[in-house]
Amino acid sequence: RIDVLLVLDASTSMRFTTRAGRPKIEAAQEAARRFLGRLALPEDQAGLVMFNAEATVLSRLTGDREALLRAVDGIRLQEFTRIHRGMDLAHQLVLAGEHRGANLPAIVLLTDGRSNPDPSQLALDAAAAAKAAGIRVFTVGLGQDVEQDVLRAMASRPEDFFYAPDGEELGAIYDAIAVAIPCPIRGWWPEPAALP
């Protein structure tokens, strides 16, 4: 079982269109809905944070599917891309009072741009703090303007970074992450040779 925070870029660049002609934010919202549809709610739990100049809680951890879908619909775009604020807030929420101790905590962060106006080091530091707290971190880069090296370093392992050249690839990526989250990463469990 998992407790997962979806962290979505809500900067104004998410208005730009995909190859299908719809805004990137609509493709991201559809991918988020598909992801939620793959969770075993209410045993699994999810929450939602959006970030631009600030980070905003749209839903704390819950197993209520309808409430989560309403939260996805509540995203509003504004200027700036403060990735670290989204990561910091998700870190707090995924380990807050609603967290079930037996559930694996995870964060899935999507951005279509570079840290702006703050340096990307703040995003790296925020991700490092989350990983040090035992949270599995997945990152998704959308489009040509993302710092792939930064997002790859933020992820718990290189394979936990995903790149989508276009918003129309997001659905398949979020499907893959929904499958990957419950799989423990190397180092969390003893190597077979180390077992008694």
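Ground rules. I number residues from 1 along each chain as its sequence is written, and I use heavy atoms for side-chain values, leaving out hydrogens and water. As the model is predicted, local features need pLDDT of at least 70 and side-chain atom pairs count only at pLDDT 80 or more, while totals for chains, interfaces and linings use all residues.

Helix α4. I took helices (H or I, at least four residues) and strands (E, at least two) as DSSP runs, numbered from the N terminus. Helix α4 spans residues 120-132, 13 residues in all, and runs 19 Å from first C-alpha to last, close to the expected 18 Å (1.5 Å times one less than its number of residues). I found Ala123, Ala126, Ala127 and Ala130 of α4 buried (under 20% relative accessible area, 1.4 Å probe, protein chains only). Just after α4, I noted a positive phi of about 90° at glycine 134.

Rings. I looked for aromatic pairs (ring centres of Phe, Tyr and Trp, its six-membered ring, within 6.5 Å; planes under 30 degrees apart stacked, over 60 edge-to-face, the rest tilted) and found one. Phenylalanine 35 belongs to α1 (residues 24-38) and tyrosine 174 to α6 (residues 170-180), so the pair ties together parts 139 residues apart in sequence. Phenylalanine 35 is buried at 0% relative accessible area, and tyrosine 174 is buried at 1%.

Key:
Buried < 20%, exposed > 50% of the residue type's maximum accessible area, 1.4 Å probe, protein only.
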